[in-house]
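I opened this entry to record what I looked up, element by element. My notes follow the order in which I went.

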Amino acid sequence: MEKLSHKIFDYLIDSGLSPEWASYINLAILLIGLLTILFLLDFMLRKILVGLFTRLSINSKTHFDDFLVKNRAPRNIAHIIPLVLLFKAVPFVFRDFPAAEPFLLKTIEVIGIFLFLWIVRSLLHTIKDFLKTLPSLKDKPIDSYIQVFMIFAWAFGLFFAFSIITGIELWKFFTALGTASAVIILVFRDTIMGFVASIQVSINDMVRIGDWITFDKYGADGDVIEINLATVKVQNFDKTITTIPTYALISDSFKNWRGMTNSGGRRIKRALLIKQESIRFLEKSDVESLQKIELISEYLKNRSADIEKYNTEHNVDKSILLNGRNMTNIGIFRKYIDAYLNNHSAVNKEMTIMVRQLDPTSQGIPMEVYAFSIDKRWENYEYIMADIFDHLLAAISYFDLEGFELPSSSNFTSK
C-alpha cells in the first residue's frame, strides 16, 4: 500500500514536477480513487443487503424483518464496511500530509459513532413497530421506553464524540460532568419528569392506548392514540388532537372511562323536573283509573288493600284526605318509572336500577333516573337514554303531574 500510494508521486517526480506539486496531485488522484471505490462498494453492499432482507421479509412469516427494511436498518448497516475501509486508507492517502491525518481520523471516528447511533435508532424503531403488533403490548406506552433508550444512546454517543474531539479521557469527562449535574437536571427537567411519569403510568396501568379519557384542564375528551416520553396524544370526538404532558397524568386529576368500557353497562343519570304545584294525594277514583296501567296495576291493587286495611284498623277519618295513609301521584309515578326501567330490554338488570327524588329546587322536584344501558357505544347509548326519557316525559300527564319549564315570551302574550 505504501509503494502504491507513492507510485504516482514517483512518476510525477520523474516527469519533472516539483515535489510539492507532485504531493498535491498524488493526493487528489488517490482521494478520487478511494472515494470512487468507497461509493461503489457502499452502493453494492446496500443493494445486496436491502435485496436480501426484502426477500427474507417476503418469504418469512414474521413481520420483524419487514420492519427492519421499513426502518432502513440494512441500508445503515451497509455503511459500516466502507467507513472502516476509509479509516484504514487515510494514513496511506495522506502520507505526505501528516498534519491532516489526526483531524481526519478523529472526524471518521465521530462519523462512526453517529452511524452506530443511527443503526441503533433503526433497530429500536423496528422493535417498537414489531411490539405494537403484539396483542398483549398493543395498548402499552412502547414509544416512551424506546425514547428513553434513544436518549441514553445519544447521550453516551455525544460523550464519546466529545471525548474523541477534545482528547479528554471519558472517565475524566464524566467526573467534570458530575459537577454540572444541577445544570443538566435543569436542562433535561421535562425529559426526566416525562421518563418518571411514563414508568408510573405503565406500572400503575393508569392509561393505555385506546382508553377514553377526559382531562378538563387541557380540554381533552377522547381516545388516547399515542403515549411517548414527553406527551400523550388524545384524539377528541370532534377529531381534533389534544397534546397533554405525560407528567400531567400523575400530577393532575383526569377521568379514565376504561372502567365503564370493561363493565356491563354505561351509566344513565338524568333527572326530570316535576312542578311542585302538580303534586297531590290520590283519591279512590284516581287509583282506579291508574290501575289500567299494566306495569303498576298489581302494585296498586296490593298497595290500596294495605292502605285501606291500615286506615280501617286505626279508625282514620278519611273525610279529610290528609288523614291516615295515602298514595301520591308523584310516588306512583316514581314506582312506574322503576317498573318501566326493570322491563326495558336495553337496561342492564344486573346493575343498579334506582329512581330517587332529589332535594327540591327553585325549578321543581328532580326525579332522577339512575341505571345502566347494556349497549356502551356512544350513539346507541344516547339513543337508549333518549328513548327512555321520551316515554317518561310523555307519561307525566297520565299521573296528573306537570314538568317544570321556564316561561317564554309567548306565555305572557295576551289573547
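I started with an open sheet of 5 strands, ordered S4-S3-S2-S1-S5 and paired antiparallel. I note that the model is a predicted one. At the edges of this sheet I found S4 and strand S5 (255–256), each pairing on one side only.

Next I looked at how S3 meets S4. The two run antiparallel, and 5 bridges join them.

Lys 239 sits in the loop between strand S3 (231–236) and strand S4 (241–245). For context, most residues other than glycine have a negative phi.

I looked up another positive phi. Arg 72, also not a glycine, has a phi of about 65°. I placed Arg 72 in the loop between helix H3 (64–70) and helix H4 (73–77).

**The 3-stranded sheet**

I moved on to an open sheet of 3 strands, in the order S6-S8-S7 with antiparallel pairing. Strand S6 (266–274) and strand S7 (354–357) each have a single partner strand, so one side of each lacks a neighbour in the sheet. From one strand to the next, I noted an average twist of 20°.

How many bridges join S6 to S8? I read 9 between S6 and strand S8 (residues 365–373), and the two strands run antiparallel. Within this pairing, Leu 273 has Pro 366 of S8 as its bridge partner.

I then asked which helices lie on the sheet. Helix H15 (residues 329–342) lies across S6, S7 and S8, and runs at about 10° to S8. Helix H16 (residues 378–395) also packs on the sheet. I logged its contacts as S6 and S8, and its direction as about 25° from that of S6.

**A helix pair**

I turned to helix H5 (residues 80–93) and helix H6 (residues 100–132). A pair of packed helices is described by the angle and the distance between the axes. The axes of H5 and H6 come within 10 Å and cross at roughly 170°. Angles over 145 degrees count as roughly antiparallel, which makes H5 roughly antiparallel to H6.

I listed the contact residues by side. H5 contributes Ile 80, Leu 83, Leu 86, Phe 87, Val 90 and Pro 91. The H6 residues include Leu 104, Leu 105, Ile 108, Ile 111, Gly 112, Leu 115 and Ile 119. Glu 101 and Glu 109 of H6 also take part. By class, I have 12 nonpolar, 1 polar and 2 charged residues in the contact of H5 with H6.

**The second largest pocket**

My last stop was the second largest pocket, which holds about 400 Å³ of space. It is lined by 17 residues. Closest to its centre are Lys 284, Val 287, Ser 304, Ile 307 and Glu 308.

Which elements give two or more residues to this lining? I found helix H13 (284–290) and helix H14 (294–313). H14 supplies the largest share of the lining, 6 residues. I also sorted the lining of the second largest pocket by class: 6 nonpolar, 5 polar and 6 charged.

Notes:
Residues are numbered from 1 along each chain as its sequence is written. This is a predicted model: local features need pLDDT of at least 70, side-chain atom pairs count only at pLDDT 80 or more; totals for chains, interfaces and linings use all residues. Side-chain values use heavy atoms; hydrogens and water are left out. On a 1 Å grid over the protein atoms alone, a cavity is a set of points where a 1.4 Å probe fits but cannot get out, and a pocket is an open set with protein on both sides within 12 Å along at least five of seven lines; lining residues have an atom within 4 Å of a point. Grid points are joined across faces, edges and corners, and a volume is the space filled by probe spheres set on the points. Helices (H or I, at least four residues) and strands (E, at least two) are DSSP runs, numbered from the N terminus. Ala, Val, Leu, Ile, Met, Phe, Trp, Tyr, Cys and Pro count as nonpolar, Asp, Glu, Lys and Arg as charged, and the others, Gly among them, as polar. Two strands pair if DSSP finds at least two bridges between them. Axes are lines fitted to C-alpha atoms, for helices over the stretch in contact, and angles run from 0 to 180 degrees between N-to-C directions. Contact means heavy atoms within 4.5 Å. Angles under 35 degrees count as roughly parallel, over 145 as roughly antiparallel, 65 to 115 as roughly perpendicular and the rest as oblique.
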